[in-house]
Amino acid sequence: MYFMLLSSYVSSAVSSTLYSSSCRLQGRFHLNGMHKAGDVVLGGLFKVHFFSVFSDMSFTSEPQETICQGFDVLGFRHAQTMAFAVNEINRNSNLLPNVTLGYSLYDNCVKLGIGFRAALSLVSGQGEEFILEESCVGAPPVLGIVGDSYSQPTIAISTVLGLYRVPMVSYFATCSCLSDRQKFPSFFRTIPSDAFQVRAMIQILKRFGWTWAGLLVSDDDYGLHAARSFQSDLAQSGGGCLAYLEVLPWGNDPTELSRIVDIMKKSTARVVIVFAHESHMIYLMEEVVKQNVTGRQWIASEAWTAGAVLQTPDLMPYLGGTLGIAIRRGEIPGLKDFLLRTRPDLHHNNSYGNNMINQFWEHTFQCRFAPPPAGWVESGRAICTGDEDLENVETELLDVSNLRPEYNIYKAVYALAYALDDMLQCVPERGPFSGRSCASLQRLEPWQPPRSVCSESCPPGTRKARRKGQPECCFDCIPCSDGKISNMTDSTECTACPEDFWSSPQRDHCAPKKTEFLSYHEPLGICLTTTSLLGTFICAVVLGIFIHHRSTPMVRANNSELSFLLLISLKLCFLCSLLFIGRPRLWTCQLRHAAFGISFVLCVSCILVKTMVVLAVFKASKPGGGASLKWFGAMQQRGTVLGLASIQAAICTTWLVSSSPAPHKNTQYHNDKIVYECVVGSTIGFAVLLGYIGLLAILSFLLAFLARNLPDNFNEAKLITFSMLIFCAVWVAFVPAYVNSPGKYADAVEVFAILASSFGLLVALFGPKCYIILLRPERNTKKAIMGRGTTK
């Protein structure tokens, strides 16, 4: 099925070019390459040089020549492996009979711009103009491309080639992002994605019990996607934590590298995982050696595991014992003999143009075929004859004992060949297309994407469910349930997210759960905060009015000192409600109930003492009752209020010491949310605190109720009765509402109760007095107050 799927893209690629009558190139590039003609041409992109001397990447109509330097023998061996595979297929009479494969291989110089130029040249052809009829003029476009070697250029190139359904089969690009069939519909690869590599590394960590590690990644799609996948999978596995995550800079940046190595040196993590390329590791290890950072267990990604440049005696004290994920090794019979037959092209001996074999020859034998271009600094080299013997020189080209990327290249070429062969084996009138027609090499259409599947692949976020009584190829795609994900195509099961994570809407990754608490930034929190500050402001205004009119009969007759203390206590009640808003922290959880309990006890104590004073004054007005006033002097009033408040302070202290309230992450209310709340610690402590306030409030209410029928000049008892009735009603209604309110709404209910009872006391006790003081000053006289009882 894999080859049938690939062949649909092969046919689309050919059709997009062969069906046009003529094409004209808008520009040409002089690229470093290696070519062989054939009925069908395969393209290839390989890293044969390390860098380019030209930085101009513009696309103009003038031919542009790209000169690359720093010859890479292993990269050349990769290109030669593809050439070998094409030659081997051409000799195989059972695969693509009567069809000769050719190749057009280009050097990308490890530069995105050059690789992109090469890819465009492969799919558009190299002739100035070519007519695609039976007699073609110019080089034909390629059927598919083997490459690129790195993830970042592969992503860029596949994005464009996917628009035209040109198949691209990579042998080394491992970024898991390339598995997205929607974004990269014509991309394939013969190497596993990083998703498998990440899992293998996490298994290594768990196997050795390493739960504390650092992660270094390259600054490209390969490294950044690997970091994202590693963090997600590590969180799901619960196998450990990352001490640090740093992004390695491109090129040699001594300042940044010094900072990163310094972090490694100071960290207690002894395991360092690196997803990066050889070039990144070379610069990093220079700084590691400079700072002498030893005693680290390195875990290598496939990009630098087998890098010979890092396997030197100088680096062994630092990299010795490194564990790495390596590409699968394979055997390619006959490859060494093919490589030994490598010979330069003496007819096109300008190695600085586009002949990779000649460049290899010059690099290996330290000679030159032609004078270098202007500006190229080079001297002291002999002239190459072409008769030099490869067997008498030491070169990595002939070392075929450890073929890893080469084996993937070999498989990639065969994958394209089998896909083409499968398409050409179609029997007329038995084909899969309209009218049972078959595709032909001369006339291919895009709609000839052939497929033969019982069920389409299940995308990430779903799992496969077998259909009863049908073969295993027939299945349904069931969406993962809440809290579970699948991040691979055709997953057989969904995995549960960790406790603090929840499945994304697409069910393809775990995302941190949203946190919920009564915030200052939400409408409810803003309303409660505004109301609290408003109450505090009104208390301050009333206090200012009473202080300003403290010598008037109305203020003096209502026990001014207790009135001032009551207003200050009410102010604290309004302010303590702010402790219930915002992210719960240890100090706010501990302080909120203590402040609330003490503030309200001060209020109720002041009211209780005021009520007792009213009764004592009334009793003193009768014959023989003057002795009762000696128990309610100013000192006794203060002492009673402070004594009652001290009992509440003792209750709070005992509660905080024995079982203190603390912030808690509650996941019981909502599966997809974390509710931050303050647990009371001791339910008994909370009940005693509320019970003590209730006891004082009931006592005040009863005493005020008994004094409600006293003469009018002592009728503050009526106001106290009404205020305590409001207070008790609010807190009686609070208890069931608080118990049945989940999460942040429990805090909102408590804040509402605090504000409602505080406003009830403020309005009931001080509203009528402020009305007389401010609006009816004629009633604020001793005569008016003392004459109330005789006016009716």
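How many bridges join strand β27 to strand β28, and in which direction do the two strands run? The views below come from a predicted model, in which local features need pLDDT of at least 70 and side-chain atom pairs count only at pLDDT 80 or more, while totals for chains, interfaces and linings use all residues. Residues are numbered from 1 along each chain as its sequence is written, and side-chain values use heavy atoms, with hydrogens and water left out.

**View 1. The hairpin of β27 and β28.** Five bridges join β27 (residues 662-666) to β28 (residues 673-679), and the two strands run antiparallel. Strands here are DSSP runs (E, at least two residues), as helices are (H or I, at least four residues), each numbered from the N terminus. Six residues lie between the two strands of the hairpin, and A662 stands opposite V679 in β28.

**View 2. The open sheet of three strands.** The strands follow the order β26-β28-β27 with mixed pairing, where two strands pair if DSSP finds at least two bridges between them. The edge strands, β26 (514-516) and β27, each pair on one side only. Three bridges join β26 to β28, which run parallel, and E516 has V675 as its bridge partner in β28.

**View 3. The packing of helices α18 and α19.** Helix α18 (residues 683-706) and helix α19 (residues 716-739) pack at an angle of about 150 degrees, with their axes 8 Å apart; axes are lines fitted to C-alpha atoms, for helices over the stretch in contact, and angles run from 0 to 180 degrees between N-to-C directions. The two helices are therefore roughly antiparallel to each other, a term for angles over 145 degrees. The contact (heavy atoms within 4.5 Å) includes F686 and L690 of α18 and W731 and Y738 of α19.

Methods. Parallel < 35°, antiparallel > 145°, perpendicular 65-115°, else oblique.
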